[in-house]
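Please keep the structure in view while reading.

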Amino acid sequence: MEKHWWHKATVYQIYPKSFKDSNGDGIGDLQGIISQLDYLQKLGITAIWLSPVYQSPMDDNGYDISDYEVIADIFGNMADMEELLDQANQRHIKIVMDLVVNHTSDEHAWFVEARENPTSPERDFYIWRDQLNDLDSIFGGSAWQYDQKSGQYYLHFFSKKQPDLNWENAQLRQKVYDMMNFWIAKGIGGFRMDVIDMIGKIPDQGISTNGPKLHDYLKEMNQATFGKHDLMTVGETWGASPEIAKQYSNPDHHELSMVFQFEHIGLQHKPDVPKWDYAKELDVPALKAIFNKWQTQLELGQGWNSLFWNNHDLPRVLSIWGDTGVNRVKSAQALAILLHLMRGTPYIYQGEEIGMTNYPFADLEQIDDIESLNFAHEALEKGQDMAAIMDSIRMIGRDNARTPMQWDSTKQAGFSSADKTWLPVNPNYQSINVQAALADPDSIFYTYQKLVQLRKDNDWLIDADFELLETADKVFAYKRVRDSESHLVVVNFSNQEQNFAWSDSFEDILISNTDVAVALNKQKLQAWDAFCLKLTD
Ligand code: NOJ
């Protein structure tokens, strides 16, 4: 199997509004990111997934793009972007751009023209119907919005200000490819493709994801753009199965490098109910079964997966599955060790490497996210109780991941010199911040740094088979086996002591957050113990 740089890469996701503010307006920006590249180099990451920085009215924080070839004023300008690419490339860090082409902003010139002039070619870049059907928007309400001027409805699977593009239109597709080539020529490292599984939608048949032409479009896109370059392409594919993942990421299919699928994240919610009905307790055996399925069914050479706990749409993993109390550091290290030694490309979401947690949002005044606000307003209309609504937002709302990065213990956590930041800084910044993490050799940061290095140094992380071990429910243990070489990863996924029967002998401890000898002698794991051993042949 041909190996690419991204097989050995660890990707770091930056949410630009919240990473680092250089000009004191309370919002992160490109110069802020540039100023922290040395920090990212110290962490060792290979690539940055940059959430959108394009011109946008920011209805959905940049996932509503009004010009793909212009940088949003709040983030800087194209010269800043070029400087970021240059400075990052000098540090061997690639910049993976967010590609949001399922929809644009309603303020994009194409949509403005389409709306103003129903006979224009742009009209057909979007999806218009005389009648609506019962498709719902992911952000609540109908997926159709009435347009007074033409008397038709347009489709928007997200907010009203995010009209869906019509991928059936060949001229539109070519315009998207031209735009991608514009960015490739600037020296980017690849694309993260926002809700790419939706571009083949057939709204009249109620098909939103995995439409019949989806893979034809991706093959065409690959040929027209990144296929000629060694770029990383990762598709956000919420509902992919291993079979579907192979369609996207089997190298012979010439589509994408990898998928980013969320089956394990599904355990944060109760089955078959809206996401706001979160699950209070993690079903660890179910989590093991899901990882086991992906690790064993997406065979090497036939597809490639992403490994993640967090992103800008998810709660902070420590607050939902880890421990935010006395075992915060240990649980963060355990979660990292468990994930990063599996097969796939690991992602670190900003602040994960210092163990940032959810925010104690008190009321809707503190909420910015359109999805949370729409949910709250609908729930209030249905007569639901405000306290319950806030409980859901505190647990699962997207703003939890979006509060400013905590750099140090000074005002606004060193994120900004402004008196007010766009989202408030988590009050725990006095103790949870980068400066404190760097000063402590046992911090979460150094566990991540070591995992990133292990990935660069060890080919078995790519090649070795995955074998889940039979253990107590809350122990997650697996072997990675390649020929006669075996590595064992053991994690106590709980705040309680667990039994762990042990028979193999080992020659090396690759990483651990505990005294391995004690654990092995007693055949017991303390809360959140985690380690990886190289076993003796
Ligand atoms: C997925 C993105 O990750 C999310 O933040 C955004 O709201 C939707 N796609 C719409 O672009």
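Which backbone atom lies 3.0 Å from a polar atom of the side chain of arginine 328? In this predicted model, the atom concerned is the backbone oxygen of glycine 355.

**Arginine 328 and its surroundings**

Arginine 328 belongs to helix α10, which covers residues 328-340. Its relative accessible area is 16%, and because a residue under 20% is classed as buried, arginine 328 is buried. When neighbours within four places in sequence are set aside, the contacts of arginine 328 are Leu318, Asp323, Ile354, Gly355, Thr357, Ile432 and Ile444. One of these, isoleucine 444, is 116 residues away in sequence, yet the C-alpha atoms of arginine 328 and isoleucine 444 are 9.3 Å apart in space.

**Helix α11**

Helix α11 consists of 12 residues, numbered 370-381. At the start of α11, the backbone nitrogen of glutamate 371 has a side-chain oxygen of aspartate 369 within 3.1 Å. Just after the helix, glycine 383 has a positive phi of about 85 degrees.

Which residues of α11 are buried? They are Ile370, Glu371, Ser372, Phe375, Ala376 and Ala379. An α-helix has 3.6 residues a turn, so residues three or four places apart point the same way. The buried residues of α11 pack against α12, which covers residues 386-396.

**Positive phi angles in loops**

| Residue | Phi | Relative accessible area |
|---|---|---|
| Histidine 92 | about 60 degrees | 65% |
| Alanine 413 | near 55 degrees | 0% |

Histidine 92 is located in the loop between α3 (78-90) and β5 (94-99). Alanine 413 is located in the loop between α12 and α13 (434-439). Is each of these residues buried or exposed? Histidine 92 is exposed, because its 65% is over the 50% limit. Alanine 413, at 0%, is buried, because this value is under 20%.

**Serine 105**

Another loop, between β5 and α4 (109-116), holds serine 105. The relative accessible area of serine 105 is 0%, so this residue is buried. A polar atom of the serine 105 side chain lies 2.8 Å from the backbone nitrogen of glutamate 107. Apart from neighbours within four places in sequence, serine 105 is in contact with Pro57, Asp64, Ile65, Ser66, Phe111, Lys161 and Pro163.

**Valine 481**

Strand β15, residues 475-482, includes valine 481. Valine 481 counts as buried because its relative accessibility of 18% is under the 20% limit. Without counting residues up to four places away in sequence, valine 481 touches Ala464, Asp465, Glu467 and Ser486. Between valine 481 and aspartate 465 there are 5.1 Å from C-alpha to C-alpha, although the two residues are 16 apart along the chain.

Definitions and conventions: Residues are numbered from 1 along each chain as its sequence is written. This is a predicted model: local features need pLDDT of at least 70, side-chain atom pairs count only at pLDDT 80 or more; totals for chains, interfaces and linings use all residues. Side-chain values use heavy atoms; hydrogens and water are left out. Helices (H or I, at least four residues) and strands (E, at least two) are DSSP runs, numbered from the N terminus. The expected span of a helix is 1.5 Å times one less than its number of residues. Buried means under 20% relative accessible area, exposed over 50%, partly exposed in between (1.4 Å probe, protein chains only). Contact means heavy atoms within 4.5 Å. A polar contact is a pair of N or O atoms within 3.5 Å; within protein, one must be able to donate a hydrogen and the other to accept it, and residues adjacent in sequence count only if both atoms are side-chain atoms.
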